[in-house]
Amino acid sequence: MEIQSVKQRFDIIGDDPQLNRAIDIAVQVAWTDLSVLITGESGVGKEAIPQIIHQYSPRKHGMYVAINCGAIPEGTIDSELFGHEKGSFTGANEMRKGYFEVADGGTIFLDEVGELPASTQVRLLRVLQNGEFYKVGSSKVQKTNVRVVAATNVNLMHAMQTGKFREDLYYRLNTVPITVPPLRERKGDINQLFRKFSLDFADKYKMPVIRLSHEAQILLREYRWPGNIRQLKSVAEQISVLESNRVIEAGVLKKYLPEDTPEQLPVLNSASGGNSDYISDRDLLYKMIFQLRQEIAQLKERVDIVSHGGGAREGDVTLIGASNINGIKHDSMAEEAVYTHVDSVEKHENGNDETLSIPSMNAELIRKSLEKHNGRRREAAAELGISERTLYRKIKELNLNI
C-alpha cells in the first residue's frame with residue numbers, strides 16, 4: 001500500500017524515513033490480531049498508529065476505544081476497563097459495562113500502559129492470553145474478542161527489572177514493536193509541520209497566516225523540541241494569535257522557545273533507563289536547577305548594568321534600582337547584595353545548601369507550573385513531562401495545598 005495515501009488519510013505530515021517505517025509496519029500488521037506496542041516520547045503523535053491499525057484491519061467496522069491509562073485513578077481503573085456489578089463497591093449503584101466488553105469485536109488502544117497498577121496488569125494479561133475477564137465484584141467469567149494496541153513513553157524493560165511491570169505482560173503486548181521518532185530526529189519535517197499548524201489556525205479563525213523568515217526557519221529546525229509535535233503546535237498557535245506582524249523573525253520566535261540544554265536536561269520519561277519514580281523526581285529537580293541557572297544569568301546581567309551606570313529597569317531587584325544614591329554612580333552595596341544572592345543560588349544549584357532537598361524543589365516547580373496553567377493539572381503534567389496520575393501523587397506526597 002502507498003504510504004503517502006495513508007498519511008493523507010490520517011493527516012500525517014512529514015517524510016522522515018523513521019516515520020515512514022512506523023506507518024509501514026502498522027499497515028503490514030493491521031490485518032492480523034497480533035498485539036502491538038508503540039514506543040516514543042510524549043507528544044510525538046503515537047495515537048495515529050493505532051488508528052491506522054484499526055482502520056486497515058478486518059475490525060474496522062467494530063468499535064475503536066482509546067484509553068489514557070495514566071489519567072484514570074488507580075481505584076477505578078479496573079471498573080473502567082472491565083466493568084463492575086451493582087453493589088460491588090461504594091457508589092456502584094448499578095451494573096456497568098467496561099471497555100473490554102463494549103469494544104468486543106473492535107480495537108482497544110491503551111495509552112500510557114506503563115502506568116497500569118499491578119492488579120490491573122494481571123487482569124489485562126488474562127484478556128490477552130484467552131480473551132477472558134471478570135467484572136469487579138463478579139465471579140462469572142466473561143469472554144471478549146478485542147485487538148489490543150498499547151503505547152508507552154517510559155522504559156518498560158527497566159520497569160520489569162524493578163518489579164513495576166510484569167515480564168509476561170510485556171512480551172504479550174510487545175509482539176510487534178513500533179517506534180515513533182522524536183521531532184528532533186525529524187528535522188526535515190519541522191518547518192512543514194509548523195506551516196500546517198499555522199495554516200489550520202488561520203483557516204479556523206479567518207485570519208492571515210503567519211510566515212517565518214529564513215533565519216527563523218533555521219532556528220525552528222535546530223531547536224530540540226522537548227515537547228515534540230505537541231509543543232510545536234502550541235508555539236504555532238501562540239504566535240498566530242499574539243503577534244500582529246505576520247512575518248516572524250528569529251528574535252520574535254525565540255521568545256516562544258524555552259531554553260533547553262540537552263546535555264543537562266534528560267528527555268522526560270524516556271527509554272533511557274531508570275526507575276520511573278526516580279526519573280520524575282530527577283527530571284523535576286533538573287528543571288528547577290535550570291531555572292536557577294537562568295536566574296543567575298539574569299542577576300549577573302543586572303549587576304553589569306549597575307557597574308556601567310545603566311541603572312535598572314522597572315521590575316528589577318529593588319536594591320539595584322538605587323544606582324545613583326547620594327550622587328554615587330555605582331552602588332557597591334547593591335552589587336554586593338546581588339552577588340550574595342547569586343552565591344546563594346549557586347550553592348542551591350551545586351547541592352551545598354543543607355536546606356535544599358528534592359521534595360522542596362519539586363514542590364516549588366509543581367506550584368509554578370500549576371500557577372502558569374491556572375490550576376489545570378493536565379497541562380501542568382504535560383509541561384513537567386509526567387502523567388496526570390503522577391502529578392496527583394506528587395501533590396499528595398508533598399502535602400501541597402493547591
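Select D200 and K196: their side chains form a salt bridge, with the closest N and O atoms 2.4 Å apart. This is a predicted model. Both residues sit in helix 9, four residues apart, so about one helical turn separates them. D200 is partly exposed, at 38% relative accessible area.

K196 counts as buried at 19% relative accessibility, because the cut-off for buried is under 20%. D11, at 48%, is partly exposed.

Next, select K143 and E132. Their closest N and O atoms are 3.8 Å apart, in another salt bridge. K143 is in strand 5 (residues 141-143) and E132 in strand 4 (residues 132-134), so the pair ties together parts 11 residues apart in sequence. K143 is exposed, at 55%, whereas E132 is buried, at 18%. In total, the count is 16 salt bridges.

Now a charge without such a partner. Go to E112, in the loop between strand 3 and helix 6. E112 is buried yet has no salt bridge. Which side chain of opposite charge is nearest to E112? R230 is, 7.0 Å away. Leaving out residues up to four places away in sequence, E112 touches N68, C69, G70, A151 and S387.

Zoom out to the largest nonpolar core. This core has 30 residues, and L81, F100, L110, V113, L124, F165 and L173 touch the most other members. At least two residues each come from strand 2 (64-68), helix 4 (77-82), strand 3 (107-111), helix 6 (118-130), strand 6 (147-152), helix 7 (156-161) and helix 8 (167-173). Helix 6 gives the largest share, four residues.

Centre on L110. Residues up to four places away in sequence aside, L110 touches I67, C69, L81, L124, V148, V149, A150 and A151. Apart from this core lies another, of 23 residues; I23, I25, V29 and I53 are among them.

Turn to the rings. There are six aromatic pairs. Y170 and Y171 pair edge-to-face, 5.0 Å centre to centre, with 80° between the planes. Y170 is buried, at 11% relative accessible area; Y171 is partly exposed, at 46%. Then select Y223 and W225. This pair is edge-to-face too, with centres 4.8 Å apart and planes at 90°. Both Y223 and W225 are buried. Select F82, F100 and F133 to see one aromatic cluster.

Two arginines come next. The charged end of R9 sits over the ring of Y56, 5.0 Å from its centre. R96 lies over the face of Y99, 5.8 Å from the ring centre.

Finish with the whole chain in view. The protein has 17 helices and nine strands. Of its 402 residues, 47% are buried. Among contacts between residues at least 6 apart in sequence, 69% join residues at least 24 apart.

Definitions and conventions. Residues numbered from 1 in each chain as written. Predicted model: local features only at pLDDT ≥ 70, side-chain atom pairs only at ≥ 80, totals over all residues. Heavy atoms only, no water. Core = buried A, V, L, I, M, F, W, Y, C linked by side-chain atoms within 4.5 Å. Buried < 20%, exposed > 50% of the residue type's maximum accessible area, 1.4 Å probe, protein only. Contact = heavy atoms within 4.5 Å. Phe/Tyr/Trp six-rings, centres within 6.5 Å; stacked < 30°, edge-to-face > 60°. Lys NZ or Arg CZ within 6 Å of the ring centre and 35° of its normal. Lys, Arg positive; Asp, Glu negative; His and termini not counted. Salt bridge = Lys/Arg side-chain N within 4 Å of Asp/Glu carboxyl O.
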